[in-house]
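Reader: I am new to this structure and would like to learn how to read it. Please take one feature after another, with the general idea before the case.

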Amino acid sequence: MKSKLSLFDLTMIVIGLVIGMGIFRTASNSAKDALTPGVFFTAWIVGGLVALCGALTYAEIGSRHPATGGYYRIFSYAYHPSLAFSINCIILVSNAGSLSGVALIGAGYISKVMFAGPVSDLTKVLIATVGIVIFYGVNLLGLRMSAKTQNILMVIKISMVVMLIAALFFPVLYHDNTAAMAAHPEATWDQYIKSFGMSLVAVSFTYGGYQQTINFGHEVNNASRNIPRGIFIGITAIIILYLAVNYSYYKIVGFENLKNTNEIASVIAFKLLGQEGANVFSGLLFLSVLAYVNVQLMSNPRVMFAMSEDGVLPAVFKKKSAKKEVVITSLTVFSIVCIIVLFFAKTFDEILSFTIFLDCFGMALSAGSIFMLRKRTKHLNGTGIYSMKLYPLQPIIFIAAYIFVCISVAINKPMTALIGISVLAGFMLLYFLTRKNNLSKTDT
């Protein structure tokens, strides 16, 4: 009998999927867009609650329609293959953006150690590109990062988060936030809403990852009981950790300084451990970034391979090396897309907006598939699968939140939104062109 995931296993998976590298950088972006500390912390709390609603929604989707192909097969089942193809491609581009953004976070930290001072955006892009190229080469060799190595790097990452929180126990390091606490009497309610919406963009990026629970819905022991408990415990732990880290940033770096400090964690590490300690911290963080880059370069090309097997991508994406069985074409194309995003956007801020705007389509539409699945899988009710209580409240909250974030990006960065819509339309056109071509070949 196949071994199933326990409550503890699922909780650890949820925490591992969400806690990435964003928490070491995105607080600065979120603070920059927040009018007051109140708006800043509200965005982090609301973002966590939205993540909880999303994770529960995806868990039921995975339970009702367990599919190895993940997003593509679920979209095909609930909507139309053209939308499935377009959104899956959008998700791949978004993942490439996330990889590029995370690589830039690491480049920002390690560049301070390498050059002992601030460097240009181009230098950070080049450092990030080198990291991608190195692990492209590693993946070409067929090398897989062992679970033991991943666990060690996860321990390092969590230890760094705990160290940042531990700084709160040293009041001597605190910054005076009196000015930041001052009200903004001149700000109108719509300005507060706009501020909250833009602050939520960076928060959404940092809370991302829980959508992968879609793959585990049918593999959890006592699913109807353990899925909601595991997700609730995991997301609650993440919210507490994120709020504690951000409170540490706020108390030690200062709210106004936080807005203009990209490598926030190194500032706290410097105050707590001195220059040498800050250098070690930056080095460890860069290692964590490289692990993330490697994992993304391993996983996303396999999605492209699966899409090629289903005939929605050209057959060339199925090409494997004879000796190592590496999906060469898919790996190469995905790596090139990552580097293009790096040079196209150049800064983390631009990558962040672009990635989240694309994510809004994928997240809202994929979560919306629950309404169709509920109708088509009524026969599964009462068979032990997970079904949300309070439905349809959770998916409605989740979808509304992402529509709000999407509108916020479109209003503040219309060009980024236009590019995102063009990418979506381009992929839909590509689907019908390739389908027509495949049909023509079949006829002949």
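Author: Begin with burial. A residue counts as buried under 20% relative accessible area, as exposed over 50%, and as partly exposed in between. L390, at 65% relative accessibility, is therefore exposed. Keep in mind that this is a predicted model.

Reader: Where is L390 found?

Author: L390 is in the loop between helix 13 and helix 14.

Reader: What is the phi of L390?

Author: The general idea comes before the case. Most residues other than glycine have a negative phi, and most peptide bonds are trans. L390 has a phi near 70 degrees, a positive value in a residue other than glycine. The peptide bond from Y391 to P392 is cis, with omega near 10 degrees. P392 is placed in the loop between helix 13 (348-376) and helix 14.

Reader: What is the secondary structure of the protein?

Author: The protein has 15 helices and zero strands. Among contacts between residues at least 6 apart in sequence, 83% join residues at least 24 apart. Buried residues make up 52% of the 444 residues. The protein exposes about 19700 Å², and carbon and sulfur atoms supply 67% of that area.

Reader: How many residues does helix 14 have, and what does it reach from its first C-alpha to its last?

Author: A helix can be checked against the span expected at 1.5 Å a residue. Helix 14 (residues 393-412) has 20 residues and reaches 29 Å, close to the expected 28 Å. Its buried residues include Q394, P395, F398, Y402 and C406.

Reader: Which residues have the most contacts inside the largest nonpolar core?

Author: That core has 135 residues, and those with the most contacts inside it are F24, Y249 and F398. Helix 5 (residues 81-115) gives the largest share of this core, 18 residues. F398 is also among the buried residues of helix 14. Leaving out residues up to four places away in sequence, Y249 touches I23, F24, A27, L164, G254, L258, I264, A265 and I268.

Reader: A27 is on that list. Which residues of helix 2 are buried?

Author: They are T26, A27, S28, N29, S30 and A31. Because six of the eight residues of helix 2 (residues 26-33) are buried, this helix is largely enclosed by the rest of the structure. Its buried residues pack against helix 3 (37-64), helix 8, helix 9 (223-253), helix 10 (255-258), helix 11 (264-309) and helix 13.

Reader: Now for helix 12. Is S330 buried or exposed?

Author: S330 is buried, with a relative accessible area of 0%. It is placed in helix 12 (residues 328-345). Apart from neighbours within four places in sequence, S330 is in contact with P301, M304, F305 and F317.

Reader: What does S335 touch?

Author: S335 also lies in helix 12. With residues up to four places away in sequence not counted, S335 touches I132, Y136 and L297. At 5% relative accessibility, S335 counts as buried.

Reader: How many disulfides does the structure hold?

Author: A disulfide is a covalent bond between the sulfur atoms of two cysteines. The structure holds zero disulfides. For a pair to count, the two sulfur atoms must be within 2.5 Å. The closest cysteine sulfur to that of C360 is in C406, and at 4.6 Å it is too far for a bond. C360 is buried, with a relative accessible area of 3%, and C406 is one of the buried residues of helix 14. C338 is buried too, at 0%.

Reader: Where does F170 lie?

Author: F170 lies in the loop between helix 7 (147-166) and helix 8 (189-207). Its relative accessible area is 41%, so F170 is partly exposed. Residues apart along the chain can still be compared by their C-alpha atoms: those of F170 and L272, 102 residues apart, are separated by 8.5 Å.

Technical notes:
Residues numbered from 1 in each chain as written. Predicted model: local features only at pLDDT ≥ 70, side-chain atom pairs only at ≥ 80, totals over all residues. Heavy atoms only, no water. Buried < 20%, exposed > 50% of the residue type's maximum accessible area, 1.4 Å probe, protein only. Helix = DSSP H or I, 4+ residues; strand = E, 2+ residues; numbered from the N terminus. Expected span 1.5 Å × (residues − 1). Core = buried A, V, L, I, M, F, W, Y, C linked by side-chain atoms within 4.5 Å. Contact = heavy atoms within 4.5 Å. Areas by Shrake-Rupley, 256 points an atom, 1.4 Å probe, with all protein chains shown as cover.
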